[in-house]
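Thanks for coming, everyone. Let me put the model on the screen, and then we'll walk through some side-chain pairs.

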Amino acid sequence: MWDFVNSAVEHTIIKMNFLARIVRFLFWLLVVSWGLRLLRRIVGGMLRDEKTAGPQTADSSVRVPTPGGARRLVRDPVCGVHVDETHSIPFREGGELLHFCSPGCRDAYAANTRKFAANG
């Protein structure tokens with residue numbers, strides 16, 4: 001009778017050992033796949049940054065491609081924020097068209113321009 005119990009215990013241990021190996025294999029497979037995905041995202045991000053990094057120009061407009069079509073971004077001369085041209089607040093001074101992110105920036109620019117014009 002004890003032989004039957006011992007063989008049943010040994011058979012159960014073998015089954016548990018086999019299941020433990022399968023679970024361990026699946027765990028490491030998951031860890032390696034997540035690691036590769038993370039590495040791919042990091043390297044891909046570095047390559048994207050390298051492609052987009054280029055010489056900076058003094059131009060106040062920047063073109064950024066978007067999935068819905070290209071939009072023109074313009075730079076606010078007061079705070080430096082880039083704004084979509086369709087959402088910006090235009091301000092014409094002389095023959096120059098300027099774009100601002102908010103009425104506050106536009107008013108600050110206009111007030112400084114008047115101050116400089118009055119002084120000199």
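I'll take salt bridges, then one serine, then aromatic rings.

Ground rules. This is a predicted model, where local features need pLDDT of at least 70, side-chain atom pairs count only at pLDDT 80 or more, and totals for chains, interfaces and linings use all residues. Residues are numbered from 1 along each chain as its sequence is written, and side-chain values use heavy atoms, with hydrogens and water left out.

Salt bridges. The rule asks for a side-chain nitrogen of Lys or Arg within 4 Å of a carboxyl oxygen of Asp or Glu. The count is 3.

Start with aspartate 84 and arginine 71. Their side chains meet at 3.1 Å, N to O. Aspartate 84 sits in strand β3 and arginine 71 in strand β2 (residues 71-75), 13 residues apart. Strands here are DSSP E runs of at least two residues, helices are H or I runs of at least four, and both are numbered from the N terminus.

Buried or exposed, what is aspartate 84? Buried, at 11% relative accessible area. The cut-offs: buried is under 20%, exposed is over 50%, and partly exposed is in between, with a 1.4 Å probe and protein chains only. Arginine 71 is partly exposed at 46%.

Next, glutamate 85 and arginine 72. Their closest N and O atoms are 3.0 Å apart. This pair joins the loop between β3 and β4 to strand β2. Glutamate 85 is partly exposed at 30%, and arginine 72 is partly exposed at 30%.

Then aspartate 107 with arginine 106, at 3.4 Å.

Now serine 88. Serine 88 is in the loop between β3 (82-84) and β4. At 10% relative accessibility, serine 88 is buried. Which side chain does its own side chain touch in a polar contact? Histidine 99, at 2.9 Å. A polar contact is a pair of N or O atoms within 3.5 Å; within protein, one must be able to donate a hydrogen and the other to accept it, and residues adjacent in sequence count only if both atoms are side-chain atoms.

Last, the rings. Rings of Phe, Tyr and Trp (its six-membered ring) pair if their centres lie within 6.5 Å; planes under 30 degrees apart are stacked, over 60 edge-to-face, the rest tilted. The whole structure has 4 aromatic pairs. In one, phenylalanine 27 and tryptophan 28 have centres 5.1 Å apart and planes at 75°, so they are edge-to-face. Phenylalanine 91 and tyrosine 109 are also edge-to-face, at 6.2 Å and 80°. That pair links strand β4 (residues 89-93) to helix α2 (residues 103-119). Ring pairs join Phe91, Phe100 and Tyr109 into a cluster.
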